[in-house]
Amino acid sequence: MEKFYLTTAIDYVNGAPHIGHAYEKILSDVIVRHFTQRCDDVYFLTGTDEHGIKIQKTAIEKGIEPKQMCDENVAKFKEAWKALDVNYNQFIRTTDEEHKKTVQLIFKKLLEKGDIYKHSYTGLYCSGCEGFLNEKDLTEDGLCPIHMKKPEEVSEENYFFRLTKYKDVITKHIKENPDFIIPEFRATEVLNQLENIEDISVSRSSANVSWGIPVLDNNDNIYPQVIYVWIDALSNYITALGYDVENPSGKFQKYWPVVHHVIGKDILKFHSIYWSGILLALGLPLPKQLLVHGFININKEKMSKTLGNVISPIDILKAWDLKIPDAFRYYMVTAAPVGKDGNYSDEDFKEKVNADLANNMGNLLNRTLSMLVKYFDGEIKEEFKTNNPLLNNVKYVIFHVKENFDNFKIQEAGQEIINLVDFTNKYVAGIEPWTLAKEGKMSECGQVLVNVLEVMCVVTALIYPFCPNIAQEMANQLKFDLSMKLDNLTLDNIKIGKLISKEEIKPVFLRLDSEFADKGKG
Ligand code: ME8
C-alpha cells in the first residue's frame, strides 16, 4: 500500500471541542500513525466547518461577528488537537479564501451543467442538522430525532441539486462495493434512505442566512443566495487538495479518490448520498471508503448541552493531571469497537488504563529491565540472544494487528497487543528468571530477559499509534529504533542495545491515582 489519504469530519465551531470531536480525531490519528508505519505517502486532513445558521445564531447571541467567534473557537480546536497529539498534515477552514473560491466554482459548474436548478420550496429546517427534514423523519411530537428541537418551517426560492438523477448509480455503487461503507450494517441504512431520496436544497436566501459563501453570478431575478452548508462543507475534502474544476492536478490527482472519510453516524447520509451525488455530477470518482463511527456517551447517557454533561477533552487531561494524552487516546479507541457507541466514565478510564498500560505493559518492561540491570549491569551479552520461543506469538500478533487495522478494527488491534503482553507476562511468571538467577543459571536467565525485551520492542512499535509518547519512552529505554517500518518488524531485525542504562529505566506509565476518580469531568 503506497498512498493513504484520510479525512475527518470538519467540526462546527459554535463552541469548544467536546469528547465526541476528540474521539473522532484521535481515532483518525491512530489509524494514520499505523499506516505511516506501513506506507511512505500518508496525508491526514482535518478542519472546521464555519458557515451556516447555527454559527450565525450563536455569534449573534454572543454579540460578536461570526468570523471572530470562528477564529476564537478554531484556536480552541487546534489547541485541543495539539494537546492530544493529533498530528494532521493540513487543517482546512471553510472560511479559507481558496476554499470559498473553489466552492463557488463547483456550484457554478453544476449550475451550468443543469444539475443545479431554481425551485420554490416549503420545508422543515433543523438548524442543528443544518438540513431539511421530512415529516416522516420527525418524532411523534414533531421534533428532530437527533436534536429534539422543533424544525422551523421555511419557505424560499432556492437552488436545488438534482440528486435523484444519481440515485441509481449511487445505489449500484453501494451494492457492488461492500467496503464503501463500513461497518456493513450502515450500508443497509443508506440503501433504505436512498429509496425515498429527493432533490436537495443547496442554497439559502441570504436574507435568512447571511453567513455563508455567496452564489456567484447571482444577477438573476431570485434574491441573493448563499451556498447551503453541505456543498460548502463536503467540498473541503477536495478543495484542501487544491482541486481545480477546470484542470484537476497536483495533490488532488495524487490522493483522489484513495480516501478514507472518517465520520460519525449522524452525518452518514450527507456523505454517502449527497457527497456521492456531488462528486458524480462533477465527473469525479467516489471515495474509497466511509468509516462510520458511533457516538461517545458520558456515563451511559447521551451527551447534550441540556443535560449539562458535555465534556472537554482538555478538562479530562487536566483533571487526571496527565502531561501526555496517551492514556486518554488509548482508552478512547479501545473502549468500544469503532462502529458502536462508546462510553466515557472516570471509573472505566482509570480501570482500563491502569490494567493495560501500567500493570500489564509498563510493569513488564520495567521489571525486565530492572532485572537486567540487577543481574547483568544492563549488559546484553551475545550468548543471551538465542531462538526466541515467543517468535510465533509475535508473528501472529503483528499479522493480526495489521489485519485489524486494514479492517479498521482498532479496538481489536489494541487487544491483540495487550494479549501479547499478557502472554509474555505469563511466560515470565512461569519461567521465573529471578529463580534462575538465584540458582546461578545466569545464561538462561539472560536469555529469558532478552526474549522478553525483544517482544517488548515489537509491542513498542505496535502500541505507538495509540500511545506515541509512551512508545517513544519505551523505545528510548530499549534503544529500539521506532522509525522501523512494520513490514521490517521481525525478531531478526530487532537489535536491542548492547547495554541498557540503569539511569534511564523508569516507569513508562504511572497508575492513575484513585483520588482523581471523581474529578475527571470538566
Ligand atoms: O456534523 N461522539 O459537525 P459536528 C462521537 N460540520 N462523535 C461525535 C459526537 C459524539 N458524542 N458528537 C459529534 C458536523 N460527533 C459537520 C460535519 S463534514 C463535511 C461536516 C462527530 O461538529 C460527528 O458525528 O456536529 C461528526 O463526525 C463530527 O463529530 C463533527 O460534528
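This report covers the aromatic rings of a predicted model.

## Basis

In this predicted model, local features need pLDDT of at least 70 and side-chain atom pairs count only at pLDDT 80 or more, while totals for chains, interfaces and linings use all residues. Residues are numbered from 1 along each chain as its sequence is written, and side-chain values use heavy atoms, with hydrogens and water left out.

## Aromatic pairs

Rings of Phe, Tyr and Trp (its six-membered ring) pair if their centres lie within 6.5 Å; planes under 30 degrees apart are stacked, over 60 edge-to-face, and the rest tilted. The count is 30 aromatic pairs.

The pair Y5 and Y43 is tilted, because the ring centres are 6.0 Å apart and the planes meet at 50 degrees. Y5 is in strand β1 (residues 3–8) and Y43 in strand β3 (residues 41–49), 38 residues apart. Strands (E, at least two residues) and helices (H or I, at least four) are DSSP runs, numbered from the N terminus.

Y43 also pairs with Y255. This pair is stacked, at 5.1 Å centre to centre and 20 degrees between the planes. Y255 lies in helix α9 (residues 250–255) and Y43 in strand β3, so the pair ties together parts 212 residues apart in sequence.

Y5 and Y43 are buried, and Y255 is buried too. Buried means under 20% relative accessible area (1.4 Å probe, protein chains only).

## A cluster

One aromatic cluster is formed by F4, F35, Y330, F405, F408 and F466.

## Charges over rings

A charge sits over a ring if NZ of Lys or CZ of Arg is within 6 Å of the ring centre and within 35 degrees of the ring normal. K78 lies over the face of F91, 4.9 Å from the ring centre. The charged end of R204 sits over the ring of Y125, at 4.3 Å from its centre.

Methods: Buried means under 20% relative accessible area, exposed over 50%, partly exposed in between (1.4 Å probe, protein chains only).
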